[in-house]
Amino acid sequence: MSDTWQLCTSCGNEIPETDPHTRCPRCRGLLEVRHRPPAQGGAALRATFDARWGVRRGVLASGVWRYREAVLPSAAPEEVLSYPEGNTPLMTSPAVARWAGATGEALLLKHEGQNPTGSFKDRGMTVGVTQARRIGARAVACASTGNTAAALAAYAALGGLPALVLVPKGHVALGKLAQALAYGARTLLVRGSFDQCLELADQASDRLGVYLLNSVNPFRLEGQKTIVLELLQQLAWQPPDWIVVPAGNLGNTAAFGKALAEACEWGLIDRVPRLAAVQAEGAAPFALSFREGFARRHRVEPHTVATAIQIGNPVSYDRAVRAVRDTDGVVIAVSDAEILEAKAVVDGAGIGCEPASAAAIAGTRRLARDGVIKSGDRVVAILTGHVLKDPASVTHYHQERDPAPPHANRPVEIDPHLEEVERAMSR
Ligand code: F0G
């Protein structure tokens with residue numbers, strides 16, 4: 001075996017890195033990418049990553065490929081499809097921290113909405129589409145609640161590959177649908193749920209021989225691990241106490257667990273932060289399982305304003321269970337009202353995020369209030385997507401009257417007279 005291979009986490013089957021199956025060819029279980037530990041570890045590996053921090057051109061300028069030893073070491077620079085992506089900021093906001101019940105700089109926001117297509121999905125897609133080209137895929141496909149579709153469409157365009165996306169009709173935010181169309185993906189509006197879209201995409205990829213780039217695909221997760229690697233590096237490799245992440249299909253939760261396990265094993269860090277995965281109450285099968293000690297897997301009929309995480313049967317369930325167990329993590333669910341209030345606070349701070357991202361902030365507040373996150377704990381919450389992804393959720397919130405939500409900022413319509421401007425200003 002070479003330095004990287006794929007392992008079926010159900011039956012233990014091992015297949016080469018360049019095998020084109022996105023599930024185990026023997027049992028259809030989920031695959032995991034395995035790397036032999038890099039030649040350097042600990043301080044030497046940290047120094048390698050740190051030396052690349054200021055690189056401005058070429059693949060090492062990417063906040064994903066900076067960590068190439070941990071992502072896809074065998075990919076040659078000329079094979080890599082990168083915008084670049086990553087390099088997202090860690091932000092502080094006194095207003096958000098106050099609302100969430102954290103103190104001062106104890107709450108950091110990692111804004112993945114500042115990726116090229118406005119969500120963290122770009123980190124997985126740069127690796128996924130790179131791998132698609134390496135194995136000679138003739139087309140790429142995904143099911144999506146919107147962001148994966150936008151990222152796939154953009155990277156496929158960059159790589160000159162045809163893209164097929166399946167989205168649940170009527171449940172995709174406008175910005176995301178617009179991106180899929182704009183970047184030129186063949187876009188199917190499926191009269192069904194995201195979970196049905198995923199089943200269909202899975203079958204279609206088998207039947208039509210297109211490469212599936214949902215987070216079933218383990219190469220996507222290798223890219224998404226770099227959210228964690230990058231935040232650790234930004235903190236000078238001093239891990240926070242908590243990482244809080246919104247959870248839908250559980251790809252990120254799984255990727256974060258793998259990143260932390262490897263970071264520990266390779267000596268990048270000496271302590272593992274706790275993971276908190278936050279679901280929307282109306283789409284919380286993982287939180288249900290957590291409450292029962294993961295005794296069984298749940299499926300639900302999902303309903304939430306956070307359409308990105310409106311998912312009833314998360315595909316990375318088994319991987320995510322491991323991530324939560326390995327990090328002494330927790331899984332909670334927050335209501336749509338809490339999500340929308342958190343979003344209004346993040347937006348009002350001038351930072352902005354989409355509804356699903358705000359679940360991380362609502363979750364932080366809940367955990368702080370319940371004493372799970374202790375006063376003084378250092379928390380990094382992941383803002384997964386940009387405020388402009390879902391403009392309708394913003395205009396709806398601020399114009400709702402019955403009753404007006406707590407942070408509503410109603411627009412004021414006027415005739416073109418100075419007195420009316422004055423009157424509006426003095427209100
Ligand atoms: N936040 C945003 C903005 C998302 O788009 C998603 C997932 C999540 C959180 C949840 O991440 O699935 O890894 O647990 N969006 C997928 C999509 C499902 O199709 O764009 P997860």
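This is a predicted model: local features need pLDDT of at least 70, side-chain atom pairs count only at pLDDT 80 or more; totals for chains, interfaces and linings use all residues.

**Exercise 1. The surroundings of the ligand**

Describe where the ligand sits and which residues and elements surround it.

Solution. 
Step 1. The site of the ligand is the largest cavity.
Step 2. Two elements, α5 (147–159) and α9 (251–265), each give two or more residues to the shell around the ligand.
Step 3. There are 19 residues around the ligand, and those that come nearest are Ser144, Thr145, Gly248, Asn249 and Thr384.
Step 4. Sorted by class, the shell holds 10 polar, 7 nonpolar and 2 charged residues.

**Exercise 2. The cavities**

How many cavities of 30 Å³ or more does the count give, and what lines the largest cavity?

Solution. 
Step 1. The count gives 3 cavities of 30 Å³ or more.
Step 2. The largest cavity has a volume of about 320 Å³.
Step 3. Its lining consists of 27 residues, and Phe120, Lys121, Asn249, Ala308 and Ile309 are the closest to the centre.
Step 4. At least two lining residues come from each of α5, α8 and α9, and α9 contributes the most, with 3 residues.
Step 5. In the lining of the largest cavity, 13 residues are polar, 10 nonpolar and 4 charged.
Step 6. The second largest cavity has a volume of about 40 Å³. Val59, Trp65, Arg68, Ala75, Ala76, Pro77 and Val80 form its lining, which divides into 6 nonpolar residues, 1 charged residue and no polar ones.

**Exercise 3. The largest pocket**

What is the volume of the largest pocket, and which residues lie nearest its centre?

Solution. 
Step 1. The volume of the largest pocket is about 480 Å³.
Step 2. Of its 22 lining residues, Arg23, Arg297, Arg299, Asn313 and Val315 lie nearest the centre.
Step 3. Both α7 (194–208) and α11 (317–326) supply at least two residues of this lining. The largest share, 4 residues, belongs to α7.
Step 4. By class, the lining of the largest pocket has 11 charged, 6 polar and 5 nonpolar residues.

**Exercise 4. The second largest pocket**

Which element gives the largest share of the lining of the second largest pocket?

Solution. 
Step 1. The second largest pocket has a volume of about 350 Å³.
Step 2. Its lining comprises 21 residues, with Glu32, Arg34, Lys258, Glu262 and Arg322 nearest the centre.
Step 3. The elements that contribute two or more residues are β3 (31–35), α8 (218–234), α9 and α11.
Step 4. The largest share comes from α9, which provides 7 residues.
Step 5. The lining of the second largest pocket contains 10 nonpolar, 9 charged and 2 polar residues.

How values were computed:
Residues are numbered from 1 along each chain as its sequence is written. Side-chain values use heavy atoms; hydrogens and water are left out. A residue is near a molecule or strand if one of its heavy atoms lies within 4 Å of it. On a 1 Å grid over the protein atoms alone, a cavity is a set of points where a 1.4 Å probe fits but cannot get out, and a pocket is an open set with protein on both sides within 12 Å along at least five of seven lines; lining residues have an atom within 4 Å of a point. A molecule sits in a cavity or pocket if more than half of its atoms lie within 2 Å of its grid points. Ala, Val, Leu, Ile, Met, Phe, Trp, Tyr, Cys and Pro count as nonpolar, Asp, Glu, Lys and Arg as charged, and the others, Gly among them, as polar. Grid points are joined across faces, edges and corners, and a volume is the space filled by probe spheres set on the points.
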